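Open the structure in your viewer and keep the selection tool ready. The stops below say what to select and what to look for there.

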Amino acid sequence: MSENLSKGELRRQQLLQWLKQHGRISIAEIIENFDCSEATARRDLDLLERKGALIRTIGGARYEGTSPVREIPFHEKKQLLWLEKEAIAKRAVEYIEEGDSICLTGGTTTYLIAKQLKMRQGITVVTNAVNIAMELSDSEGIQVVVIGGVMRNNSFELCGPLAERTIEHLNIEKLFMGIDGFSVTKGITTYSELEAETARMLMRQASSTYAVFDHTKVGKASLFTVAGLEELTMCITDEPLPEDATAELTRLQIGLSIV
């Protein structure tokens, strides 16, 4: 069967086999082990990530099989729980006032927040999500600041060193963060190490952080922790949380808004 594969397909097959055996691989290891350029190594990882075969990390990748749940691409997420996410977005917008500088991370719920903001005036929106920036591009009352970086295809988020250098100089009043998992013990989590690091930096630059998520994220922990619950200002979701989660948010004096 391998005789019918192109040189690139065979290399990616071998790369994935290496990943399955070792758990993770760096760009430098790909270049050394598979005799290819850095650009080719990054392109191979991008192709394999789109297929759901691995998880991109800073400077390399780790095998997707080590993660309990597959990361769902944005176009698939858009079809799930649309009305619930829209209700969460409408509630989130109630906390945004004229003159605010806010930040929206990538995600379907934050994308719907952007749609709700289109007719508002006097708001600055910082985002590292290309699709959110495009959604707001024709809104005259909204100033959009795009954080640069390398785009992750599953979420349209820009991440990496370039994004981090931009974030260091920002002052954000309210950060609205989409997440992949919400857990009392693990905090808020995501599938991507790149997105987790970018999100942590955004939180450090923000005066307040609002986690926006639907009930399917509750009780789940994705691969990378972004922050503990104590670092949040408020959680906005669509169903009552389990008793232990509600009690923990109350103990930490973190707001909870259920739509």
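Start with L249 and show its contacts: leaving aside residues up to four places away in sequence, L249 touches F182, L229, C235, L241, I254 and L256. The model is a predicted one. L249 sits in helix α10, residues 243–251. Is L249 buried or exposed? Its relative accessible area is 1%, under the 20% cut-off, so L249 counts as buried. Now select E230 as well: it is 19 residues from L249 along the chain, and the two C-alpha atoms are 7.9 Å apart.

In soluble globular proteins, nonpolar side chains tend to be buried together. The largest nonpolar core here has 32 residues, and those with the most contacts inside it are M177, F182, I188, M203, F213, V226 and L232. Colour α8, β9, α9, β12, β13 and α10, each of which supplies at least two residues of this core. Helix α9 gives the most, with 5 residues.

Select M203 next. Among the residues it touches beyond four places in sequence are L175, M177, I188 and V226. Then move to a second, separate core of 23 residues, which includes V93, L104, Y111 and F176.

The last stop is D238, in the loop between β14 and α10. D238 is buried but has no salt bridge. Where is the nearest side chain of opposite charge? It belongs to K217, 9.0 Å away. The D238 side chain does reach the backbone nitrogen of H215, at 2.7 Å, and it makes a polar contact of 3.4 Å with the side chain of T237.

Terms used. Residues are numbered from 1 along each chain as its sequence is written. This is a predicted model: local features need pLDDT of at least 70, side-chain atom pairs count only at pLDDT 80 or more; totals for chains, interfaces and linings use all residues. Side-chain values use heavy atoms; hydrogens and water are left out. Helices (H or I, at least four residues) and strands (E, at least two) are DSSP runs, numbered from the N terminus. Buried means under 20% relative accessible area, exposed over 50%, partly exposed in between (1.4 Å probe, protein chains only). Contact means heavy atoms within 4.5 Å. A nonpolar core is a set of buried Ala, Val, Leu, Ile, Met, Phe, Trp, Tyr and Cys residues joined through side-chain atoms within 4.5 Å. Lys and Arg count as positive and Asp and Glu as negative; His and the chain ends are not counted. A salt bridge is a side-chain nitrogen of Lys or Arg within 4 Å of a carboxyl oxygen of Asp or Glu. A polar contact is a pair of N or O atoms within 3.5 Å; within protein, one must be able to donate a hydrogen and the other to accept it, and residues adjacent in sequence count only if both atoms are side-chain atoms.
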